[in-house]
Amino acid sequence: AVIAGKNSYVQGAEPPLRYRLLTDTAHRLAELNQTAVYFDLTDLSTQPDAAQWLFNLGRSLSIQLDLVHGVGKNWWLQVEQAPVADFVHFLGEKVLPQLGKPLLLSFDEADRLLDAPLAATFWELLTQIEAARLQQPQFQQVTFALWGKTSWSALAENGRFPPDSFTQITL
């Protein structure tokens with residue numbers, strides 16, 4: 001599903017199996033001239049606020065992609081929007097033009113979204129990127145994969161994210 005450009009949620013109780021599939025997916029995408037980056041959502045529980053979490057997310061993205069113009073100390077202040085909107089702007093203006101090929105944003109430990117203080121920020125980020133996909137052609141190259149033990153319906157409940165927006169794969 002990910003290779004076909006569909007957002008996916010991979011549910012598996014065994015972390016080694018999830019990690020194997022995660023790395024195999026990244027290698028397969030590289031063979032197809034696509035890029036995958038990896039993030040661990042455990043970080044959502046330790047960050048003091050949304051701006052700091054998104055800054056760290058941007059730094060990690062810049063490092064993994066070896067971007068020429070990575071994230072500066074106060075990159076979100078350059079646009080003067082909300083932190084999530086600023087991250088989406090950064091992705092559209094700095095990351096995707098430099099990358100020039102499809103990008104998979106892969107988030108492991110999705111179970112953290114059930115109780116992390118910044119879970120709402122994460123769902124807002126996905127929602128804004130999905131909205132950008134409808135308006136800006138470069139965002140059509142962005143795909144998500146979430147990895148965790150919890151069922152997709154448990155993660156998407158309460159209207160946090162439309163349950164039909166991800167293909168669920170159970171290991």
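This note walks through the fold of the structure above, point by point.

1. **Basis.** The model is predicted: local features need pLDDT of at least 70, side-chain atom pairs count only at pLDDT 80 or more, and totals for chains, interfaces and linings use all residues. Residues are numbered from 1 along each chain as its sequence is written, and side-chain values use heavy atoms, with hydrogens and water left out.

2. **Elements.** The protein has 5 helices and 5 strands. Both are DSSP runs numbered from the N terminus: helices are H or I with at least four residues, strands are E with at least two. Along the sequence the pattern reads β-α-β-α-α-β-α-β-α-β.

3. **The sheet.** The 5 strands form an open sheet, ordered E2-E3-E4-E1-E5, with parallel pairing. Its edges are strand E2 (35-40) and strand E5 (167-170), each of which pairs on one side only. Neighbouring strands are turned by 20° against each other on average, direction ignored. Two strands count as paired if DSSP finds at least two bridges between them. Strands of a sheet pair through backbone hydrogen bonds, either parallel or antiparallel.

4. **Strand E1 and its partners.** Strand E1 (residues 8-11) pairs in the parallel sense with strand E4 (residues 142-148) over 4 bridges. Another 4 bridges join E1 to E5, again running parallel. Val-10 has Trp-147 as its bridge partner in E4, and stands opposite Ile-169 in E5. Gln-11 stands opposite Gly-148 in E4.

5. **Side chains of E1.** Which way do the residues of E1 point? Ser-8 and Val-10 point one way, Tyr-9 and Gln-11 the other.

6. Helix H3 (residues 83-99) lies across E2, strand E3 (103-108) and E4, and runs at about 115° to E3. Helix H4 (residues 119-135) lies across E3 and E4, at about 150° to E4. Axes are lines fitted to C-alpha atoms, for helices over the stretch in contact, and angles run from 0 to 180 degrees between N-to-C directions.

7. **Whole protein.** Of the 171 residues, 45% count as buried. Among contacts (heavy atoms within 4.5 Å) between residues at least 6 apart in sequence, 76% join residues at least 24 apart. The accessible surface comes to about 8,400 Å², and 51% of that belongs to carbon and sulfur atoms. Areas come from the Shrake-Rupley method with a 1.4 Å probe; for residues, only the protein chains shown count as cover.

Technical notes:
Buried < 20%, exposed > 50% of the residue type's maximum accessible area, 1.4 Å probe, protein only.
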